[in-house]
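Please read its numbered points alongside the sequence and the model.

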Amino acid sequence: MSTTKKKSLPLTLRITKCVNSVHSKMTDRLIMREAVPSRHYMINGEIVVVADPGHSGPGKSASVQLCSCTKVDPDTGKGKLSKKAILRHVKTTKDKGLNITVYSVKFKVEAEFGIPGAFLITNEHKHKFFLQAATFEVSSVEIIHFDCQTWVFPIRRTKTDRIFFSNTCYLPNQTPAAMVELRREELHSLRGDGTGERKEWERIYEYDHYDDLGNADQGHEHARPILGGNQAHPYPRRIRTGCTCSDNGMILVCFPSFVPRIWQPLFDLDIFVPPDEQLHPKKLLELLSNSIQSAVHFIVQETKSLIKEDSGSFDSFNEILEVFSGNQGQHAEKVPDVVRKMAPNKQLKRMIRANKTNQAKFPLPQIIAEDKWAWKDDGEFAQQMIAGINPATIQRLQEFPPYSKIGQRSSIEAAHIAHNLDGLTIEQAMSQHKTFILDHHNYLMSFLNRINTKGICAYASWTLLFSSRDGTLKPVAIELSLPGSSSSVEVHRVFVPASQGTEAALWQRAKTQVMANDSAHHQLICHWLHTHAVVEPFIIASRRQLSVMHPIHQLLRPHFRDTMHINALFRLILINSGGVLEKTLFTREVSVELSSKLYKEWGFDEQGLPSDLLKRYSFLTDNS
């Protein structure tokens, strides 16, 4: 019996037929849901969790409940809720010591349930966990995404479920009816009432002043003024923690009496930060690891200083170079016994490992690796002002000689710089916009009498620079200043480039002072104040006023991520009394007061381009 082979359809026709068939089945399925309300369908979900380091994941101790954004529950006026479903383990992977677990979750919902717009999660585990993301598959072509990125604490602590909204954005007047009340409640819960001490699981955003930088109970030398809330020391506001402070407004941090204050932050990093602002576990581990590695050398040297009862200052260039890795003849320092007694086992193991592998040494800067004395070059000195850590401070010279804010005239004269202006007079150079100034004079003068104690000898500085024919910048004069016998008197000395003898040594000394000023300004002002501190009030305001569903909230979120937690660690470790910045910068105890003074000159509308360039006269308009 003969058979006729059936001719196959063209590929494009087969694809079209398949797509139409799938579309038809999906349409029939949706129609069936509406036509037969008693029918149910499945929603499959996937939850990605990072366990708290050292603890197990939540497993079946956590449950999830979906909330519809299209179906309102008439009893509550909110989105209809599904039944709770527990998490089921799918797989666990390791990433740098962290357990990242994927859980599945299944929901059987009624046909009219609609589209999930939020979900509630209940953590009945005894430990917190980091909820990274969640997805829910409503149909084969519709998946709802949730970017969570926050810690979920046990319900025995929070007393309530945690709600998450989908990544879909809505303006307030466009919010689905089922989500309106949930949106309002969630936003209201973030504002708090301004009372009580905040607990680590509380998602509350309140404003406070910087009253936690000192501790006068440990001695008058540890007292620091409250920054913010007063005209004497204006400052951006920070997140309120509600921690107990001493009578003078300084925070009380209790450590054993044998723990030196400079080491305390290494052993206790607890400080309130709302869960949504806390670092991802991976980032936190990296931060702690890097901090420990950097601190080992610092602690070892500090121990030696305490034993020797010296100032801890460098006595030679070789001592400075030994701080960096890549030098011959180095050997690992032993972690002091007193540190071994104080450090928790986990931190101590990191210290010893970093010490043995020489990771405690700082990486050798490339320029020094190529030429140990390259930093002495005038061209490199000027290059670092525009390509280094603090390039936004240099300004175009507007008047010569410069005048201080109290009307004191600079001692720099035209004769000091005439031979370094490529044949131009100072007037010609200024008219051609070829002269610049680095001003570390005006803001420093009023602090120098307080800074120059305990062996410190710092100067305020003006540095004049000239743009040469070849387009490079070079220093042509440096003036170092000290306060005089009265507040209206200043003592000046001018230094000019030299290559030999005492003049060359003094020129290098003047450049070193300028770089010390520039470094302090970078750390305290450009980095801490202008990059971190001024942003925190905007984070608090956005969390209090903008729902996570608001499109502006979604746009700001990646820019704000981690900032508040980093700021909290700054207060605990870097800018506090006896902190890293006070130990490493010549400004010492007046560091935060100095940043407060310069905050008075900060304006939000001057931070963008071209406003910033116009303020520093570094940008020429058509009518200038």
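1. A charge over a ring. K376 lies over the face of W373, at 5.8 Å from the ring centre. The charged end of R237 likewise sits over a ring, that of Y207, 3.8 Å from its centre. A charge is taken to sit over a ring if NZ of Lys or CZ of Arg is within 6 Å of the ring centre and within 35 degrees of the ring normal.

2. Basis of the note. This is a predicted model, in which local features need pLDDT of at least 70 and side-chain atom pairs count only at pLDDT 80 or more, while totals for chains, interfaces and linings use all residues. Residues are numbered from 1 along each chain as its sequence is written, and side-chain values use heavy atoms, with hydrogens and water left out.

3. Confidence. The pLDDT, the predictor's confidence in each residue from 0 to 100, has a mean of 82 for the protein, and 78% of the residues reach 70 or more. Over residues 9-38 the pLDDT is below 50, and this stretch has 11 contacts in the model beyond near neighbours in sequence. For residues 327-333, pLDDT also stays under 50, and the model has 14 contacts beyond four places in sequence. Contact means heavy atoms within 4.5 Å.

4. The sheet around β15. Which strands make up this open sheet, and in what order? The order of its 5 strands is β13-β14-β15-β16-β17, with antiparallel pairing. At the edges are β13 (395-396) and β17 (490-495), each of which pairs on one side only. Strands (E, at least two residues) and helices (H or I, at least four) are DSSP runs, numbered from the N terminus; two strands pair if DSSP finds at least two bridges between them.

5. Partners of β15. Strand β14 (residues 435-440) pairs with β15 in the antiparallel sense over 6 bridges. Within this pairing, I437 stands opposite L464, and F436 has L465 as its bridge partner. Strand β16 (residues 473-483) runs antiparallel to β15 and is joined to it by 8 bridges; here the bridge partner of L465 is P475. A hairpin is formed by β15 and β16 with 5 residues between them, and G471 in the turn has a positive phi of about 90°.

6. Burial of β15. Why is β15 described as largely enclosed by the rest of the structure? The reason is that 8 of the 8 residues of this strand (residues 460-467) are buried, that is, under 20% relative accessible area, where exposed means over 50% and partly exposed lies in between (1.4 Å probe, protein chains only). Both faces are covered, with A460, W462, L464 and F466 buried on one side and S461, T463, L465 and S467 buried on the other.

7. Helix α14 lies across β14, β15, β16 and β17, and runs at about 80° to β16. Axes are lines fitted to C-alpha atoms, for helices over the stretch in contact, and angles run from 0 to 180 degrees between N-to-C directions.

8. A further sheet. Another open sheet of 5 strands has the order β5-β6-β1-β8-β9, with antiparallel pairing. The edge strands β5 (88-95) and β9 (142-152) each have a single partner strand, so one side of each is left without a neighbour in the sheet. The twist averages 20° from one strand to the next. Strand β6 (residues 98-110) pairs with β5 in the antiparallel sense over 7 bridges, and T101 in β6 is the bridge partner of T92.

9. Aromatic pairs. The structure holds 14 aromatic pairs; rings of Phe, Tyr and Trp (its six-membered ring) pair if their centres lie within 6.5 Å, and planes under 30 degrees apart count as stacked, over 60 as edge-to-face and the rest as tilted. Y210 and Y235 form an edge-to-face pair, 5.2 Å centre to centre with 85° between the planes, and both residues are buried. W602 and F604 are also edge-to-face, at 6.4 Å and 65°. W602 counts as buried at 18% relative accessibility, whereas F604 is exposed, with a relative accessible area of 57%. Ring pairs link Y210, Y235, W528, F538, F570, Y599, W602 and F604 into a cluster.

10. Helix α19. In this helix (residues 591-599), 8 of the 9 residues are buried; among them are V592, L594, L598 and Y599. The elements that cover the buried residues include α13 (448-451), α14 (501-532) and α18 (580-584).
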